Amino acid sequence: MQEGRIGVQIKELRNHFGISQQELCKNICSQSFISRIESGDLSPSAGLLYRLSMRLGVDMNYFLESVYVPRIDYVQEVLLQLSESLKKKNYEQIKELVNHERGNPLFVHGGNRQQLLWYEAIYFYKIHDDFHRALMLLDEALSMRHTTLKSHSEKEIEIYLTKANIHTERKDLTKAHSMYKDILTYINRLPVIRDKELLIKVYYNYSRSLYLNGELEESLLFAQNGIRECRENRILYGMGELYFQMGRVYKDQSENELSKGYFEKARMVSQLMEDEDLERISESQMERVRERELCLREVPFQHHK
């Protein structure tokens, strides 16, 4: 990395979010120090760069190719296990991992603590159906944010998304829709999206929430956007759920052939992803559409009796 490049990147991000030097350096360092970093007169230490990256809402690796943190290998392994457990909806495993690491000094402060709180909120909601406790934990995680009100990290956006999803499941759809709109705004402000699955998750959950509110055309639009993201990034994750969502919309619109086609696509993706639950409900929905078609064929004969 050439001399002064980090300062240039910091200035570019700061201007991108409309953050003043004073906002960026608050409780971190002096404004004059930031000014000298941006001008290339000084290079930030690793600790300072980490705090600035958190304030700007990007990973430290945005500035550096690699960063050496004590025991980062262990932390990454724990977070990987938590992530995999979440994808498999193994909430008991999440609970076990969170409880095991709760007293670990590596997870007491900063972003690691924030992520642990997020996973704790998820298992409290999914296992104990305690949405009050879950929302409290999510708010606590968000209170640890290092970004400004104008910038949000991908992790913060995912925590907001979890809150919005809980409001959807509690049928507080007005609140949920407001949050999804905010989330899309936050994502659009990101200079780069490292987690390619994040936008797919947002599109699916917003589509689902719109469907529950009877906004079928809007629901279909966001599901289609999600499918496009899956295809462009060559990602199967979320594709089955999005196909299923489209099948539900077309089913409610009495577009039986389209509905069956998308349920079949959802079933095929679910087989590839070894998602037995999605495979089962996709087959069930296809059968319901077939039964409805059969009933519609029989109606004229009933009238002639």
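**A surface patch and its surroundings**

Modeller: L236, L272 and M273 make up a nonpolar patch on the surface, and together they have about 290 Å² of accessible area. This is a predicted model, so local features need pLDDT of at least 70 and side-chain atom pairs count only at pLDDT 80 or more, while totals for chains, interfaces and linings use all residues. Residues are numbered from 1 along each chain as its sequence is written, and side-chain values use heavy atoms, with hydrogens and water left out. A patch takes residues with over 30% relative accessible area and no salt bridge, joining like charges within 9 Å and nonpolar side chains (Val, Leu, Ile, Met, Phe, Trp, Tyr) within 5 Å. The areas come from the Shrake-Rupley method with a 1.4 Å probe, and for residues only the protein chains shown count as cover.

Let's start with M273. M273 sits in the loop between α14 (256-272) and α15 (276-303); helices (H or I, at least four residues) and strands (E, at least two) are DSSP runs numbered from the N terminus. With a relative accessible area of 41%, M273 is partly exposed, where buried means under 20%, exposed over 50%, and partly exposed in between (1.4 Å probe, protein chains only).

E274 also lies in the loop between α14 and α15. Its relative accessible area of 71% makes E274 exposed. E274 is not a glycine, yet its phi is positive, near 55°. Most residues other than glycine have a negative phi. R234 shows a positive phi too, about 55°, and is not a glycine either. R234 belongs to the loop between α12 (216-232) and α13, and is exposed at 81% relative accessible area.

Now for helix α13 itself, residues 239-252. The expected span of a helix is 1.5 Å times one less than its number of residues. For the 14 residues of α13 that gives 20 Å, and the end C-alpha atoms are 20 Å apart, which agrees. α13 is mostly covered, with 12 of its 14 residues buried. Among those buried residues are Y243, F244 and Y250, but also Q245, R248 and K251. After α13 comes S254, whose phi is positive, near 60°.

What lies inside? Nonpolar side chains tend to be buried together in soluble globular proteins. A nonpolar core is a set of buried Ala, Val, Leu, Ile, Met, Phe, Trp, Tyr and Cys residues joined through side-chain atoms within 4.5 Å. The largest one here has 46 residues, and L82 and I183 have the most contacts inside it. At least two residues of this core come from each of α5 (72-87), α6 (91-101), α7 (110-128), α8 (131-143), α9 (154-169), α10 (173-189) and α11 (198-212). α7 gives the most, with nine residues. Leaving aside neighbours within four places in sequence, L82 is in contact (heavy atoms within 4.5 Å) with I94, L97, V98, L116 and Y119. Another core lies apart from this one and has 23 residues, including L220, Y262, F263 and V269.

R113 pairs with E140, their closest N and O atoms being 3.8 Å apart. This pair links distant parts of the chain, with R113 in helix α7 and E140 in helix α8, 27 residues apart. R113 is buried at 19% relative accessible area, while E140 is partly exposed at 33%.

E120 and R133 also meet in a salt bridge, at 3.8 Å from N to O. E120 lies in helix α7 and R133 in helix α8, so this pair ties together parts 13 residues apart in sequence. E120 is buried at 6% relative accessibility, whereas R133 is partly exposed at 29%. R102 joins E120 and R133 in a network of salt bridges.

One more pair is E158 with K201, at 2.5 Å from N to O. E158 is in helix α9 and K201 in helix α11, 43 residues apart, so distant parts of the chain are linked. E158 is buried at 9% relative accessible area, and K201 is buried at 15%.

Technical notes:
A salt bridge is a side-chain nitrogen of Lys or Arg within 4 Å of a carboxyl oxygen of Asp or Glu.
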